[in-house]
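Work through the exercises below with the model open. Each task is followed by a solution in steps.

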Amino acid sequence: MIETERLILRRIEPRDRAPLHAMWADPRVMVDLGPVKSAEDSDAALARHASYDPLGFFVVERRADGATIGFCGLKPGAPDTPIADMLEVGWMLAVPYWGGGYAREAAAASIAWGWSARDDAAIVAITSRRNAKSRGLMERLGMAHVPALDFRHPLFAADDPLSDTVTYRIERP
């Protein structure tokens with residue numbers, strides 16, 4: 001578990017499934033990330049992240065009211081990509097929680113946890129080239145774009161704009 005002033009990042013509990021399913025089924029959330037997910041696809045994503053233990057993306061809970069507002073954490077970089085086996089940070093929040101600084105707070109806490117718990121030389125983040133909001137957050141986190149690590153993501157068709165993936169990196173302080 002990771003705690004910040006406003007957030008708790010923790011393992012999933014049964015009460016989190018409905019809000020996470022709703023987040024992944026929202027076309028506004030998924031517009032730059034991939035197709036919307038069914039409940040079954042969401043459960044598969046949750047199971048995949050649980051398999052990364054002690055890594056994995058965690059539920060982002062708002063301390064003030066216990067609301068499940070998103071998903072954030074660290075995982076191994078995807079196989080068959082230039083970031084395979086690198087430590088990757090990622091985040092996703094439900095629309096009502098956009099613009100409140102929660103993604104930055106959760107991602108920064110995840111990165112700090114990575115530095116304290118592991119010995120990786122760097123942490124990377126990826127997104128579609130067109131995802132200006134995530135790219136801006138990566139920069140605010142102190143990450144730098146590494147064009148040599150940009151790639152066509154194998155989970156998308158080659159002609160899908162979401163396949164054009166950029167990579168950002170932050171070095172261990």
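A pocket here is an open set of grid points with protein on both sides within 12 Å along at least five of seven lines, and its lining residues have an atom within 4 Å of a point. The model is predicted.

**Exercise 1.** Describe the lining of the largest pocket and state which residues lie nearest its centre.

Solution. 
- Step 1. Start with the space itself: the volume of the largest pocket is about 960 Å³.
- Step 2. Count the lining, which comes to 34 residues. Nearest the centre of the largest pocket lie Leu-33, Arg-48, Lys-75, His-153 and Leu-155.
- Step 3. Assign the lining to elements. Two or more residues come from each of α3 (39–50), β4 (68–76), β5 (87–93), β6 (122–128) and α5 (132–140). The most is given by β5, with five residues.
- Step 4. Sort the lining of the largest pocket by residue class: 20 are nonpolar, nine polar and five charged.

**Exercise 2.** Repeat the analysis for the second largest pocket: which element gives the most to its lining?

Solution. 
- Step 1. The second largest pocket holds about 460 Å³ of space.
- Step 2. Its lining consists of 21 residues, and those nearest the centre are Trp-91, Trp-98, Ala-103, Lys-133 and Ser-134.
- Step 3. At least two lining residues are supplied by each of α2 (27–30), β5, α4 (102–117) and α5. Among the elements, α5 gives the most, with four residues.
- Step 4. By class, the lining of the second largest pocket has eleven nonpolar, five polar and five charged residues.

**Exercise 3.** Find the aromatic pairs in the structure and classify the geometry of the one formed by Trp-24 and Phe-71.

Solution. 
- Step 1. There are two aromatic pairs in the structure.
- Step 2. For Trp-24 and Phe-71, the ring centres are 5.2 Å apart and the planes stand at 80°. Planes over 60 degrees apart count as edge-to-face, so this pair is edge-to-face.
- Step 3. Phe-57 lies in strand β3 (residues 56–62) and Phe-71 in strand β4, so the pair ties together parts 14 residues apart in sequence.
- Step 4. Join the pairs: Trp-24, Phe-57 and Phe-71 form a cluster linked by ring pairs.

**Exercise 4.** Is Trp-24 buried or exposed, and what does Trp-24 contact beyond its neighbours within four places in sequence?

Solution. 
- Step 1. Apply the cut-off for burial, which is under 20% relative accessible area. Trp-24 has 3% relative accessibility, so Trp-24 counts as buried. Phe-71, at 4% relative accessibility, counts as buried.
- Step 2. Locate Trp-24 in the largest nonpolar core, which has 44 residues; Trp-24, Val-89 and Trp-91 touch the most other members. The element giving the most to this core is α4, with seven residues.
- Step 3. List the contacts. Leaving aside neighbours within four places in sequence, Trp-24 is in contact with Met-30, Val-36, Lys-37, Ser-42, Ala-45, Leu-46, Phe-71 and Met-92.
- Step 4. Follow one of these contacts, Ser-42. Ser-42 is part of helix α3 and, at 0% relative accessibility, counts as buried. Not counting residues up to four places away in sequence, Ser-42 touches His-21, Trp-24 and Lys-37.

Note on methods: Residues numbered from 1 in each chain as written. Predicted model: local features only at pLDDT ≥ 70, side-chain atom pairs only at ≥ 80, totals over all residues. Heavy atoms only, no water. 1 Å grid on protein atoms, 1.4 Å probe; cavity = no way out; pocket = protein on both sides within 12 Å on 5 of 7 lines; lining within 4 Å. Points joined across faces, edges and corners; volume = space filled by probe spheres on them. Nonpolar A, V, L, I, M, F, W, Y, C, P; charged D, E, K, R; others polar. Phe/Tyr/Trp six-rings, centres within 6.5 Å; stacked < 30°, edge-to-face > 60°. Buried < 20%, exposed > 50% of the residue type's maximum accessible area, 1.4 Å probe, protein only. Core = buried A, V, L, I, M, F, W, Y, C linked by side-chain atoms within 4.5 Å. Contact = heavy atoms within 4.5 Å.
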